[in-house]
Amino acid sequence: METERSEIAENLARIRERVARAAGRAGRRVEDVTIVAVSKTFPFEAIRAGYEAGLRHFGENRVQEWESKRERVADLEATWHLIGHLQSNKARRAAGLFDRVDSVDSLGLAQKLDAAVGEGAGTEAARLISSEKSRRDALRVASGQAGATKSGAAKGERLGVLIEVRLGDEATKSGVAEADLAMLAEGIGELAHLELLGLMTIPPFLDDPERVRPYFSKLRELREDLVRRVGGALPVLSMGMSHDFEVAVEEGATEIRVGTALFGARKLKQ
């Protein structure tokens with residue numbers, strides 16, 4: 001594992017250099033780009049190695065997989081993102097497990113996440129009262145100004161979310177259609193326990209990153225239009241992965257999702 005830790009640290013250094021060059025070409029600050037380490041299918045040891053190398057944001061695709069790993073990294077002060085498609089029947093679990101859900105693609109899913117966060121805040125407030133903690137602390141938790149030690153809904157805070165936008169023609173891809181984006185954003189804005197932070201997309205996989213550039217620029221334009229329409233800041237543009245993140249940074253990405261470039265090739269299931 002010592003060798004793997006060293007390799008992850010070296011890979012991260014190279015990624016950071018590439019991000020810095022891309023940011024420089026676009027006249028941006030490298031500090032404005034967050035690397036989200038995509039740890040899906042990798043063991044908890046890889047997460048720890050990434051944390052030791054300086055990473056603080058990690059992305060998982062599946063609720064069940066994260067449940068199997070989270071206790072082994074519970075001591076890490078990190079932000080845990082759900083970046084994969086979330087089924088509505090798993091919204092309650094996801095709200096209690098993750099700090100961010102970056103793949104909201106329907107109002108129904110958003111409503112279920114909102115309800116779960118609200119229930120979590122109420123449950124925590126009741127627990128504090130019953131354990132004879134101060135009334136002031138209990139009210140702070142109930143109002144979302146303080147939280148417990150667990151992620152997501154258990155904190156009693158608003159859950160940060162991104163809307164996943166489907167920009168390609170791939171029928172198998174999740175995400176809201178461009179035509180329905182504004183309506184979904186307005187609906188999320190009415191939910192008390194969710195905080196809409198921005199947009200995410202997964203464009204078609206193309207060997208030439210330059211051919212992906214139009215998808216990234218389109219997401220940036222959609223974000224700008226959405227800000228004008230619904231008001232408020234939408235600071236996050238999550239776009240770009242291991243093979244195309246430099247182009248994404250040039251086009252305005254504030255978060256890139258990097259897995260194989262950081263941890264190495266994923267092992268195929270037998």
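Me: Where does L82 lie?
Reply: L82 lies in strand β3. Strands here are DSSP runs of E with at least two residues, helices are runs of H or I with at least four, and both are numbered from the N terminus.

Me: Before we go on, what kind of model is this, and how is it numbered?
Reply: It's a predicted model, where local features need pLDDT of at least 70, side-chain atom pairs count only at pLDDT 80 or more, and totals for chains, interfaces and linings use all residues. Residues are numbered from 1 along each chain as its sequence is written, and side-chain values use heavy atoms, with hydrogens and water left out.

Me: OK, back to L82. Buried or exposed?
Reply: L82 is buried, because its relative accessible area is 1%. Buried means under 20% relative accessible area, exposed means over 50%, and partly exposed is in between (1.4 Å probe, protein chains only).

Me: Which residues does L82 touch?
Reply: Leaving out residues up to four places away in sequence, L82 touches E60, N61, R62, A94, F98, R100, V101, D102 and S103. A contact means heavy atoms within 4.5 Å.

Me: And how far apart are L82 and V104?
Reply: They're 22 residues apart in sequence and 9.8 Å apart in space, C-alpha to C-alpha.

Me: Switching to rings: how many aromatic pairs does the structure hold?
Reply: It holds four. One of them is W66 with W80, whose ring centres are 4.6 Å apart with planes at 35°, so that pair is tilted. To pair, rings of Phe, Tyr and Trp (its six-membered ring) need centres within 6.5 Å; planes under 30 degrees apart are stacked, over 60 edge-to-face, and the rest tilted.

Me: Where do W66 and W80 sit?
Reply: W66 is in helix α3 (residues 63–69) and W80 in strand β3 (residues 79–82), so the pair, 14 residues apart, links distant parts of the chain. W66 is buried at 2% relative accessible area, and W80 is buried too, at 5%.

Me: What about the core, which residues touch the most other members?
Reply: L113 and I163 do, in the largest nonpolar core, which has 70 residues. Helix α1 (residues 2–25) gives the largest share of this core, six residues. A nonpolar core is a set of buried Ala, Val, Leu, Ile, Met, Phe, Trp, Tyr and Cys residues joined through side-chain atoms within 4.5 Å.

Me: Who does L113 touch?
Reply: Not counting residues up to four places away in sequence, L113 touches L86, A91, A95, V101, V104, L159 and L194.

Me: Now Y215, where is its place?
Reply: Y215 is in helix α8 (residues 213–230). At 23% relative accessibility, Y215 counts as partly exposed.

Me: What does Y215 touch?
Reply: Beyond residues up to four places away in sequence, Y215 touches L167, G168, P203, P204 and L206.

Me: Last one, what's the overall count of helices and strands?
Reply: The protein has ten helices and nine strands. Of its 270 residues, 49% count as buried.
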